[in-house]
Amino acid sequence: MFVDTHSHLDILEERGIDLEIEVENAKNSEISFIVQSIDSFESNFTSTQLAEKFKNFVFSLIGVHPQQVQFAPKNYLEILQNLLDRNREKVVAIGEIGVDLHYPETKETKKLQLEFFETLISFSVKNSLPIEVHSWDSFDETFEILKKFKGRVRGGIHSFSYGFFEAKKFIDELDFFISFAGSLTYPKNQNLHETISKIPKEKIVFETDSPFMPPTGFRGKPNSPLLVKEVYKFAKERFGIDERQVFENVKKFLKIT
Ligand SMILES: [Zn+2]
């Protein structure tokens with residue numbers, strides 16, 4: 001019933017977490033499945049391998065992370081297409097792709113990021129897959145590119161960090177989903193609380209983005225896909241969001257066969 005729509009299991013493993021145990025615990029905690037995202041270009045291979053290893057429980061994204069565009073090989077599209085063709089049933093979306101203008105070093109690659117984002121959206125449309133978008137301090141740039149694909153692109157914004165105005169634009173104009181992470185549970189994040197209380201319940205999904213951003217009460221330790229239940233719990237108690245509704249949303253958001 002509970003789904004973590006965005007996690008980095010490979011980074012958890014690098015930090016000494018035993019994924020066999022992690023996945024077993026998740027299975028025993030009513031978690032239906034986990035979506036594994038990418039960071040470095042090489043992690044596209046790791047991610048699809050994890051989806052093979054934990055078949056029908058871990059599914060994969062493939063793409064080029066906006067913080068990593070400068071390191072992608074020239075023939076990245078060809079490589080991703082080959083990888084996708086060999087792993088069709090394991091890949092549920094193209095992601096995480098998008099625009100990140102949060103850090104001084106990511107601002108430097110802005111032009112390249114915009115090119116990659118547009119190319120990878122075309123790639124998702126061509127392959128009839130939704131996208132998971134990473135957008136940090138870059139609403140205008142993200143939205144402008146997505147708008148070019150209005151009516152053709154589908155997907156959602158992962159680890160949403162903007163406010164109601166931006167969420168409404170993504171929903172009304174692009175029919176996108178909004179994915180909230182552990183940061184939803186932070187008392188200071190009034191903008192997220194306002195957003196989740198005002199947007200349609202049919203457009204809400206949840207994730208951990210583990211090992212990053214553990215929910216309140218778990219900070220200081222690596223986040224885990226299991227803790228997606230904390231996000232669900234918070235959303236249910238504070239905003240009346242039912243996990244069955246969210247499960248229906250996930251099925252519409254991702255390519256689940
Ligand atoms: Zn991520």
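Which exposed residues does the face of α9 turned away from its buried side carry? They are Gln190 and Lys198.

This is a predicted model, where local features need pLDDT of at least 70, side-chain atom pairs count only at pLDDT 80 or more, and totals for chains, interfaces and linings use all residues. Residues are numbered from 1 along each chain as its sequence is written.

Back to helix α9 (residues 190-198); helices here are DSSP runs of H or I with at least four residues, strands are E runs of at least two, and both are numbered from the N terminus. Leu192, Thr195 and Ile196 are buried (20 or more other C-beta atoms within 10 Å of a residue's own; exposed is 12 or fewer, partly exposed lies in between, with C-beta atoms placed from the backbone). Those three sit on the same side of α9, because they cover an arc of only 90° around the axis, taken from the directions from the helix axis to the C-beta atoms. The buried residues of α9 pack against the elements below (contact means C-beta atoms, placed from the backbone, within 7 Å).

| Element | Residues |
|---|---|
| α8 | 164-174 |
| β7 | 177-180 |
| β8 | 204-206 |
| α10 | 228-239 |

Now for strand β5 (residues 131-136): five of its six residues are buried, so β5 is largely enclosed by the rest of the structure. β5 pairs in the parallel sense with β4 (residues 91-100) over six bridges, and likewise in the parallel sense with β6 (residues 155-157) over three bridges; pairing takes at least two DSSP bridges between two strands. Asp100 stands opposite Trp136 in β5, while Glu132 has Gly156 in β6 as its bridge partner.

Note on methods: Contact = placed C-beta atoms within 7 Å.
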